[in-house]
Amino acid sequence: MKRRKSSPPEDTATEESTRDRVSMAARRLLLRPWMVSPAEMHDDDLSLLVVIIDTNPIWWGKKALGEAELTLSKCIDAVMVLGNSHLLMNRNNRLAVIASHTQESRFLYPGKGWTAADLFGDGGSSMESNCSGSKDGKYELLTAINDAIAEEIKDLMTKSDMRGQQTETLLVGSLAKALCYINRMSKDIKGNQEMKSRILVIKAAEDSALQYMNFMNVIFAAQKQSVLIDACVLDSDSGLLQQACDITGGIYLKVLHMPSLLQYLLWVFLPDQEQRSQLVLPPPIHVDYRAACFCHRNLIEIGYVCSVCLSIFCNFSPICSTCETAFKISLPPVMKAKKKKLKVAA
């Protein structure tokens, strides 16, 4: 008679399979600690990333003449890689790229030729079928996005005319346009979905004190909409962006090594707010909360504030130039001179 091999109990086999699944999940989390499982990531939720690129031609022209390590084309390439990585992280991720120029703020992606089917990834879109990626094995949507960004930035830079006096970047207009786009996208999603939005500003030129009031209005509007504002500064520090990141809960980072821009973008700004808690990120910086006076647009530490409209002035004025309120000035009491008694001649 042949002996039959004793099979392990069912409970033991179940424990071994469960242990294998747990070990595989732990190994996956160890290899990618800032990625979570699909069950934890709410597949139905949308994640919108709006990237604003400072395309000031004067600043980038000076860098090109000085043989800089980072050019505008390399910066655009880094932004393309960041956008593609964001879209590949989840099928419900969305992307928008805005160029902040000295004369206008223009959408590089999505452009005017993109429809709702292209943005939400519905099958059979015209952009995917007409792009070159369908022939060389690339993902059609990513190729179409890269081609659209390259064409728009080329058209923007070639048609820019710098004969006027406007040499400052219209960053406030780009931020306002990004918030409007986020508001429109939030109304187009399904009723059972939620959308988490954030804005990444890649700043090159210096701040403009003339945009202080509009900038603060945009910051508080983003805070009210629960929109994060991140800042990646390429040159001198930006006090306005420091305040924006601190108020909205974003990350402010100044790039110290220009050729490593892509590594900074993928390390710091690719993960969203929930995933950043599992990363070792740069420490928070000291925020410059100086305000710009309304009279000369200079950043001041001590000034005069109107009690009616809260306007800030560097010099005292009895009448507020903003709301035209006249202030009553309390002067010290004037001592009346005593009258001398005239002596009557006898």
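Student: In which loop does P110 lie?

Tutor: This is a predicted model, in which local features need pLDDT of at least 70 and side-chain atom pairs count only at pLDDT 80 or more, while totals for chains, interfaces and linings use all residues. Residues are numbered from 1 along each chain as its sequence is written, and side-chain values use heavy atoms, with hydrogens and water left out. P110 lies in the loop between strand 3 (105–109) and helix 4 (116–119); helices (H or I, at least four residues) and strands (E, at least two) are DSSP runs, numbered from the N terminus.

Student: What kind of peptide bond joins Y109 and P110?

Tutor: Most peptide bonds are trans, and most residues other than glycine have a negative phi. The bond between Y109 and P110 is cis, with omega about -5 degrees.

Student: Where does L310 lie, and what is its phi?

Tutor: L310 lies in the loop between strand 9 and strand 10, and its phi is positive, near 65 degrees. With a relative accessible area of 59%, L310 is exposed (buried means under 20% relative accessible area, exposed over 50%, partly exposed in between, with a 1.4 Å probe and protein chains only). E324, in the segment after strand 10, also has a positive phi, near 60 degrees, and is exposed at 65% relative accessibility.

Student: How is the packing of helix 9 and helix 10 to be read?

Tutor: Two packed helices are described by the angle between their axes and the distance between the axes. Helix 9 (residues 212–224) and helix 10 (residues 239–248) pack at about 20 degrees, with their axes 9 Å apart. Axes are lines fitted to C-alpha atoms, for helices over the stretch in contact, and angles run from 0 to 180 degrees between N-to-C directions. Helix 9 and helix 10 are therefore roughly parallel (angles under 35 degrees; over 145 is roughly antiparallel, 65 to 115 roughly perpendicular and the rest oblique).

Student: How is the aromatic pair of Y304 and F316 arranged?

Tutor: A pair of aromatic rings is described by the distance of the centres and the angle of the planes. Rings of Phe, Tyr and Trp (its six-membered ring) pair if their centres lie within 6.5 Å; planes under 30 degrees apart count as stacked, over 60 as edge-to-face and the rest as tilted. The count comes to four aromatic pairs. Y304 and F316 form an edge-to-face pair, 5.8 Å centre to centre, with 65 degrees between the planes. Y304 is in strand 9 (residues 304–305) and F316 in the segment after strand 10 (312–313), twelve residues apart.
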